[in-house]
Amino acid sequence: MLKLYHLTVEYLQKCTLAPVKNTRFGWKLLSSDKNVFQKSFSLTVFANEKQIFSSGEIQSDKSFNVTFNDLLLPFDCDCLFTVTVTDNYGNIATESLQFTTAPDNVFEGAKWISPAKYIDGASPYIRGKFIAKKVKRATLYASGLGYAY
């Protein structure tokens, strides 16, 4: 039995800021058989439930840091990638993972929250108030040391 697990986008299992180009996909194989390796794979990407990319079958054992030069994802979009793998015994496994692409100019016009006064060596509790009406979707972006989550 062949099974795929630990699917990733940008090395994350829950990616919410995937880049729209040079997106990196990954997965791991699990098998009850011995001496199993990936012989080929195909990867399909859906954006807003519409197929936007299909790699076709690729003869390769690569399952980490998989990129496609001709894949351009839409900004700020809910996506799904599905990978199908065939092993050296002819067993086939398919698995999918949801992810979201980053908005265009994600921090443009952002209102940053910061402490009123710098406190050396402390981690201040920072908060702000806002009013939201008829929210369809909300996303909080937090950044530290240059890495956005």
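**Notebook: burial, strands and aromatic pairs**

I began with burial in this predicted model: of the 149 residues in the protein, 29% are buried. I then looked up the accessible surface, which comes to about 10,900 Å², with 52% of that belonging to carbon and sulfur atoms.

Next I read the secondary structure. I found nine strands and zero helices, in the order β-β-β-β-β-β-β-β-β along the sequence. For contacts with a separation of 6 or more, I noted that 61% join residues 24 or more positions apart.

I turned to the aromatic rings, where the count is five pairs. I listed Tyr11 as partly exposed because its relative accessibility is 40%, and Phe64 as exposed because its value is 55%.

I then examined Phe25 and Phe99. Phe25 belongs to strand β2 and Phe99 to strand β7 (residues 92-100), so the pair ties together parts 74 residues apart in sequence. I listed Phe25 as buried because its relative accessibility is 1%; Phe99, at 2%, also counts as buried. The cut-off I applied to both is under 20% relative accessible area.

Last, I noted that Phe25 and Phe99 form one aromatic cluster together with Phe81.

Conventions: Residues numbered from 1 in each chain as written. Predicted model: local features only at pLDDT ≥ 70, side-chain atom pairs only at ≥ 80, totals over all residues. Heavy atoms only, no water. Helix = DSSP H or I, 4+ residues; strand = E, 2+ residues; numbered from the N terminus. Buried < 20%, exposed > 50% of the residue type's maximum accessible area, 1.4 Å probe, protein only. Contact = heavy atoms within 4.5 Å. Areas by Shrake-Rupley, 256 points an atom, 1.4 Å probe, with all protein chains shown as cover. Phe/Tyr/Trp six-rings, centres within 6.5 Å; stacked < 30°, edge-to-face > 60°.
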